[in-house]
Amino acid sequence: MSAPLSVYTLLGEEKIHQLVDHFYEEVERTPDLRKLYPKDLEPARQRLYWFLLHVFGGPATYLEKRGHPMLRRRHFQWAIDPEMRDRWLGCMGKALDQIPMEAEAREAITTYFFRAAQHMVNRHPPEGG
């Protein structure tokens with residue numbers, strides 16, 4: 001029995017790059033999410049691209065240029081509540097819809113993004129409020 005293929009192997013760099021581009025197009029259309037980013041989105045695009053290459057089994061460019069991702073720590077400066085998490089996931093879901101891919105890749109990516117987004121939540125609504 002062979003090992004499962006990585007998302008990187010299933011998609012390749014071009015489709016991962018397209019996913020990042022489509023994601024940031026959605027961010028541009030989502031004011032509450034857009035306000036968390038600087039005016040120039042290009043550096044964020046590049047970092048996300050490198051990061052996704054790495055986590056999906058491709059080159060370790062992100063690690064070489066930025067070190068360990070430390071996602072939660074790097075994002076703690078922004079208030080990320082379940083609503084913001086869902087906005088982010090919505091943008092990523094719309095971006096995923098633009099990229100043709102095998103069901104195996106889509107499931108792996110969706111599972112990863114849900115877990116990562118859930119991990120980023122650092123603010124919770126008050127009890128009973």
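**Reading a helix crossing**

Guide: Buried residues account for 35% of the 129 residues in the protein. Keep in mind that this is a predicted model.

Visitor: How many helices and strands does the secondary structure of the protein come to?

Guide: There are seven helices and zero strands. Read from the N terminus, the elements run α-α-α-α-α-α-α.

Visitor: What share of the contacts between residues at least 6 apart in sequence joins residues at least 24 apart?

Guide: In this protein, 72% of those contacts do.

Visitor: Take α1 and α6. At what angle do their axes cross?

Guide: Begin with the general idea: angles over 145 degrees count as roughly antiparallel, 65 to 115 as roughly perpendicular, under 35 as roughly parallel, and the rest as oblique. Here the axes of helix α1 (residues 7-28) and helix α6 (residues 82-97) come within 8 Å and cross at roughly 130 degrees. Therefore α1 is oblique to α6.

Visitor: Is the crossing of α1 and α6 left-handed or right-handed?

Guide: Right-handed.

Visitor: Which residues make the contact?

Guide: From α1 come Leu19, His22, Phe23, Glu26 and Val27. On the α6 side the contact is made by Trp88, Cys91, Met92, Lys94, Ala95 and Leu96.

Visitor: How do the residues of the contact of α1 with α6 divide into nonpolar, polar and charged?

Guide: Eight are nonpolar, one is polar and two are charged.

Visitor: And the surface of the protein: what does its accessible area come to, and what part belongs to carbon and sulfur atoms?

Guide: The accessible surface is about 8000 Å², and carbon and sulfur atoms hold 53% of it.

How values were computed: Residues are numbered from 1 along each chain as its sequence is written. This is a predicted model: local features need pLDDT of at least 70, side-chain atom pairs count only at pLDDT 80 or more; totals for chains, interfaces and linings use all residues. Side-chain values use heavy atoms; hydrogens and water are left out. Axes are lines fitted to C-alpha atoms, for helices over the stretch in contact, and angles run from 0 to 180 degrees between N-to-C directions. Helices (H or I, at least four residues) and strands (E, at least two) are DSSP runs, numbered from the N terminus. A crossing is left-handed if the near helix is turned anticlockwise from the far one by less than a right angle, and right-handed if clockwise. Contact means heavy atoms within 4.5 Å. Ala, Val, Leu, Ile, Met, Phe, Trp, Tyr, Cys and Pro count as nonpolar, Asp, Glu, Lys and Arg as charged, and the others, Gly among them, as polar. Buried means under 20% relative accessible area, exposed over 50%, partly exposed in between (1.4 Å probe, protein chains only). Accessible areas come from the Shrake-Rupley method with a 1.4 Å probe; for residues, only the protein chains shown count as cover.
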